Amino acid sequence: TPPAASPGSPALPPSASSPSSPPPPRSAPSAPAPAPPQSPAPPTPPPPPPWRTTPAATRSSPTSTSRPSTASSPRTSAPGDPRAPRPPRGRAGAAGEGRGAGVGEARPPARAHRRQARRRLERRRPPQGRQGLRRPPRRRRGRTARESEVLPEAGAEQAYLRGLQRHQEFFRLGQPQRRPQACRRRGQIKDAVLGGVALEDEQREKFNQIQQELEKLSEKFSENVLDATKKFEKLITDKKEIDGLPASALGLAAQTAVSKGHENASAENGPWMITLDAPSFMAVMQHAKNRALREEVYRAYLTRASSGDLDNTDIISQILKLRLEKAKLLGYKNFAEVSMARKMATVDRVQELLEKIRAASWDHAVQDMEDLKAFVKDSGSAEANDLAHWDLNFWSERLRESKYDIDEEGLRPYFALPKVMDGLFSLANKLFGITVEAADGLAPVWNSDVKFYCVKDSSNSPVAYFYFDPYSRPSEKRGGAWMNVVFSRSSVLARHGSSVRLPVAHMVCNQMPPVGDKPSLMTFREVETVFHEFGHALQHMLTRQDEAFVAGISGIEWDAVELPSQFMENWCYHKNTLLSIAKHYETGEPLPEEIYAKLVAAKNFRAGTFSLRQIRFASVDMELHTTYDPSGPVSVYDVDRRVAEKTQVLAPLPEDRFLCGFSHIFAGGYAAGYYSYKWAEVLSADAFSAFEDVGLDNEKAIEETGRRFRETVLALGGGKSPLEVFVAFRGRE
Ligand SMILES: [Zn+2]
């Protein structure tokens, strides 16, 4: 669940797809995000992390990687910011368990494990100590003690002792085994240093003051954005004025009107209330034929929180000043260096990458604009002569409908869940040499829909297990899709008689349940989603690290964690892979070739434009946190304008104040981190290109490349820097 715009829906910039609920990289299975506006609608609130996230994903544990439905969950954590949860990976807990297991419903087994550990502790503590150990009761979802048959925690006591022993040996062991521990420790120390622990008295006090001040300012920033968003209301009584809006949007507008006191409002007869909330705003930008209305709403959106009581201008400059001061206290040149201290990227590399993509996207974006103009002209509209920002979304929606519209619902019969899973597993077999077998009954499950699988290597020995909870259950399960860690691979926690505790993952989707004899039928997006989450699960399960701290997805830098997941998505567009999966569930008829071609074309529709849009956000973020002097004469708007001129085919409006609503970087965890979206996308595309280079239909070469991917990206976890891992796979940076 993350930000990188996924292939399907190009980079959804912050505000892109949905102003108030930020667009995740791609939309979720259950609720596809609206297509992003292509003109600079300012980014908004909650920052979608680079891995996908669900609206409710906020509740999920840091070790979970989920993807959002239409809104991404604001993981408002700044990587360097100790108080906020860190994005993808969690800090491994004491025992290297994905602790943070804060996970709601997602990880039953870990809870039982903690329960056991607690009982052990309780036995040793005096009675009064107990109170403190007890946690508030949580909803329990099905795990029983019998699970320990698969999940080695029976005999945990001995395992613990054995682990201790092994640990003692561990420190006498040679380099390779020690690296993970050392790395981990370096990471912890770095976190602590970034949190100011190394500072002396006065400086430390100063540092703490800055932190507190920054917190307040960020809070104020997002309050202003929210209030400014709420403030705009436009009541429409004449149906002609909102011609073009789909029924669902009219219904929403009428409902909003009712909530504002127009009791008799109805979708059919109005009145209708338009607001700047994402669904309302997007509906107008994409569908309202009334150009004046689009302009009015667009301008209001673009200038949110930029004047009067709710003006964020001054807050932005205070935030930038304090961040710079904080960076200097910590011994860094600027805030971007602080942000990058715990990421895969460096400032120079990010700048280089952004410029490279910008240059490569430019001509395509210019072409997109030409195509759009030609289309508008052909449609006979006078708007063709002076296309403005508020026209772009509207017309590109019409263009998309005319050329690439895919009837998502109509494709469902081609994607039956069992067939899709078979295809996915046989792809994993081809690439990584693993076999996935149903293991229902081996472990108890919390709902009869939940499936349990065993993953075996080429010698037929189990290497991992995973749960798969595929169907939507609205009353008890949140929307979206995600992958969670149940257990990490660990030698310390190995069960008696075995050398390692095998990893267990947990994949969750929200698809239509089967009805009668009809299997669960999926949309293409849902197919991509399953591939995506399985990519995360593979990295968790195929790890070769025996230290839970760095096994699987644990300890991986947040700008690298989406690599395997997005990598897997690419296979959905590989013709042979897709066509082997997509067979009509009743007739067995394969997906028609022209539909396959449309899926590919839709993926690339206006890709240059979307790409530039993300580059604009990432570049302005980088500039403000590197070279910009917040105490100097140049305003943040000047910086933004300069960037926009290089990244927008249509020059920005002079009153463009999108920065005042850029919550990702001023109120979320994306300060000097917005680039992560692109970074992850590039990494995964580059990894996939290793397969293209050897020829996607060259079985032998694909197998070799797949094995190398397994032994590097999927195996090394957080024990090695992601750049080293990538080089080990790709043979270059
Ligand atoms: Zn993800």
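## Helix H14 and its partners

Start with helix H14 and helix H23 (residues 699-711): their axes come within 6 Å and cross at roughly 90°. Helices here are DSSP runs of H or I with at least four residues, strands are E runs of at least two, and both are numbered from the N terminus. The axes are lines fitted to C-alpha atoms, for helices over the stretch in contact, and angles run from 0 to 180 degrees between N-to-C directions. That angle makes H14 roughly perpendicular to H23 (under 35 degrees is roughly parallel, over 145 roughly antiparallel, 65 to 115 roughly perpendicular, and the rest oblique). On the H14 side, Lys 430, Leu 431 and Phe 432 meet Ile 702, Glu 703, Gly 706, Arg 707, Phe 709 and Arg 710 of H23; a contact means C-beta atoms, placed from the backbone, within 7 Å. By class, the H14 contact with H23 has 4 nonpolar, 1 polar and 4 charged residues. Ala, Val, Leu, Ile, Met, Phe, Trp, Tyr, Cys and Pro count as nonpolar, Asp, Glu, Lys and Arg as charged, and the others, Gly among them, as polar.

Leu 424 also sits in H14, which runs over residues 417-432. Leu 424 counts as buried because it has 20 C-beta neighbours inside 10 Å. The cut-offs are 20 or more other C-beta atoms within 10 Å for buried, 12 or fewer for exposed, and in between for partly exposed, with C-beta atoms placed from the backbone. Setting aside residues up to four places away in sequence, Leu 424 touches Val 530, Phe 531 and Phe 534. Leu 424 and Thr 577 are 153 residues apart in sequence, yet their C-alpha atoms are 8.6 Å apart.

## The model as a whole

This is a predicted model, in which local features need pLDDT of at least 70 and side-chain atom pairs count only at pLDDT 80 or more, while totals for chains, interfaces and linings use all residues. Residues are numbered from 1 along each chain as its sequence is written.

The protein has 24 helices and 8 strands. Of its 733 residues, 50% are buried. Among contacts with a separation of 6 or more, 73% link residues 24 or more positions apart.

## The largest nonpolar core

The largest nonpolar core has 150 residues, and Phe 415, Val 420, Phe 466, Ala 505 and Met 507 touch the most other members. Helix H15 (residues 524-541) gives this core its largest share, 8 residues. A core here is a set of buried Ala, Val, Leu, Ile, Met, Phe, Trp, Tyr and Cys residues joined through C-beta atoms within 7 Å.

Take Ala 505: beyond four places in sequence, its contacts are Ala 464, Phe 466, Met 483, Val 485, Val 486, Ala 537, His 540 and Met 541.

Helix H7 (residues 278-287) is largely enclosed by the rest of the structure, because 8 of its 10 residues are buried. Those buried residues are Ala 278, Ser 280, Phe 281, Met 282, Ala 283, Val 284, Met 285 and Gln 286. Their cover includes helix H6 (247-259), strand S3 (272-275), helix H8 (291-302) and helix H12 (389-404).

Leu 245 is in the loop between strand S2 (233-236) and H6. Leu 245 is buried, with 26 other C-beta atoms within 10 Å. Apart from neighbours within four places, Leu 245 is in contact with Leu 250, Ala 283, His 287 and Ala 288.

## H11 and its two neighbours

Helix H11 (residues 347-378) and H12 have axes that come within 10 Å and cross at roughly 80°, which makes H11 roughly perpendicular to H12. Leu 372, Phe 375 and Val 376 of H11 make this contact with Trp 395, Ser 396 and Leu 399 of H12. Its class count is 5 nonpolar, 1 polar and no charged residues.

H11 also packs with helix H19 (residues 607-624) at about 145°, with the axes 8 Å apart. The contact of H11 with H19 has 9 nonpolar, 8 polar and 2 charged residues.

Most residues other than glycine have a negative phi, and most peptide bonds are trans. The bond from Gly 270 to Pro 271 is cis, with omega near -5°; Pro 271 lies in the loop between H6 and S3.

Arg 606, not a glycine, has a positive phi of about 55°. Arg 606 is in the loop between helix H18 (593-604) and H19, and is buried with 24 C-beta neighbours inside 10 Å. Ala 672 has a positive phi too, near 50°.

Note on methods
Contact = placed C-beta atoms within 7 Å.
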